[in-house]
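Here is a friendly note for someone opening this structure for the very first time. Have the sequence and the 3D view at hand, and take the points in order.

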Amino acid sequence: MPTTPFALVRYVLYGVLMGGADVIPGVSGGTMALIVGIYERLVHALSEAVSFGLAVLRLDFEAAQEHWTAVPWGLIVPLLGGIAVAILVGAKVIPPLMEAYPQSMRGLFFGLVAASLLIPARRIERLTGLRVAIGVACAVGAFFLTGLPALAVSDPSLLRVFFSATVAICAMILPGVSGAFLLEALGIYTPTLEALNGLEWGYVLTFCAGAAVGLGAFATLLDLLLTHRHDATMAALVGLIAGALRALWPYVGPHRALRWPEAGEPVVSVAVLALAGFGAVLALLYWGSSASKERATASKS
């Protein structure tokens, strides 16, 4: 089905949301993909793109043609364009905002991500003890991961950059785990932003190569899980998002210790922005549900 100009613009905006989220420590681009309703399609598209590349390497051009045709390029191309623009702009805009208004910005993102818990939770058709256990285990793991102290590496080697990108990029399609946060924990968050702003092509290309390897391998695995273990995967995503909320709690002490607000710290603005973020996601969910019902009604008539 051909992609309309309106859909292209919408996918670019979705990419901007995902790319902007990936710049923020604690927020996942995968969470944004869930919020706007393209998560499963994106994972499947990335898996098909990986299968295309593998078929070309095997010189199996018939299979390569099938996988190429199966990729929804009308979604992927504008989405990647929006992600690229958002990362380049966000690298200059978002970190200063986080530095100037750390509690208020974290409050906003806390509300956004907390509301996104509803998305995978609503897609679990049957809740079992095993799926609850999977969710709890993932929540504990994410809570522990987001409590790791950040490393500081002023001049990382290109080998470290490659493998760090391989790990961190998985968070782009894994809701609840922030790629920017993983880069921070691995010690290359600040050097990566500096390399982007300074257009250090050796660093940037090495990072992109590592990201391509990690994204390709992980997208294939995740697509298999969504196809054959959908409810268990959704339960795991609920747990990951819930546990990762620790990274967005507005008030933290040394070594990422959680605490209550102290005298002089903003509370009202944090609460208002958290409620605004939560309400924005609920509005998106309502809009998406209404649009789906309208399309279903139109197809029956």
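1. Let's begin with a proline. Pro156 is buried, because its relative accessible area of 9% is under the 20% cut-off. Please keep in mind that this is a predicted model. You will find Pro156 in the loop between helix H8 (129–145) and helix H9 (158–168).

2. What does Pro156 touch, once residues up to four places away in sequence are not counted? The partners are Val161, Ile188, Pro191 and Tyr203.

3. Pro191, Thr192, Ala195 and Leu196 in H11 are in contact with Tyr203, Val204 and Phe207 in H12. The axes of H11 and helix H12 (residues 201–228) come within 8 Å and cross at roughly 120°. That angle is why H11 counts as oblique to H12. The crossing of H11 and H12 is left-handed.

4. Now step back to the whole chain. Its secondary structure comes to 14 helices and zero strands. Of the 301 residues in the protein chain, 45% count as buried. If you take contacts between residues at least 6 apart in sequence, 78% of them join residues at least 24 apart.

5. H5 covers residues 73–100, which is 28 residues, and reaches 39 Å from its first C-alpha to its last, close to the expected 40 Å. Where is the kink in H5 centred? It is centred on Gly90, and the kink is about 50°.

6. Gly90 is also one of the buried residues of H5. Others in that list include Leu75, Ile76, Pro78, Leu79, Gly82, Ile83, Ala86, Ala91, Ile94 and Met98. What covers the buried residues of H5 includes helix H1 (5–23), helix H3 (39–57), helix H6 (102–116) and helix H11 (189–198).

7. One of those covering helices, H6, can be described in more detail. The axes of H5 and H6 come within 5 Å and cross at roughly 115°. H5 is therefore roughly perpendicular to H6. At this meeting, Leu97, Met98, Glu99 and Ala100 in H5 contact Pro102, Met105, Arg106 and Phe109 in H6.

8. Please check Leu59 too, in the loop between H3 and helix H4 (61–70). Leu59 is not a glycine, yet it has a positive phi of about 65°. For background, most residues other than glycine have a negative phi. Is Leu59 buried or exposed? Leu59 counts as exposed because its relative accessibility is 61%, and the cut-off for exposed is over 50%.

9. Thr233 sits in helix H13 (residues 230–244). With a relative accessible area of 8%, Thr233 is buried. Leaving aside its neighbours within four places in sequence, Thr233 is in contact with Leu222, Leu225 and Leu226.

Conventions: Residues are numbered from 1 along each chain as its sequence is written. This is a predicted model: local features need pLDDT of at least 70, side-chain atom pairs count only at pLDDT 80 or more; totals for chains, interfaces and linings use all residues. Side-chain values use heavy atoms; hydrogens and water are left out. Helices (H or I, at least four residues) and strands (E, at least two) are DSSP runs, numbered from the N terminus. The expected span of a helix is 1.5 Å times one less than its number of residues. The bend at a residue is the angle between axes fitted to the seven residues ending there and the seven starting there. Buried means under 20% relative accessible area, exposed over 50%, partly exposed in between (1.4 Å probe, protein chains only). Contact means heavy atoms within 4.5 Å. Axes are lines fitted to C-alpha atoms, for helices over the stretch in contact, and angles run from 0 to 180 degrees between N-to-C directions. Angles under 35 degrees count as roughly parallel, over 145 as roughly antiparallel, 65 to 115 as roughly perpendicular and the rest as oblique. A crossing is left-handed if the near helix is turned anticlockwise from the far one by less than a right angle, and right-handed if clockwise.
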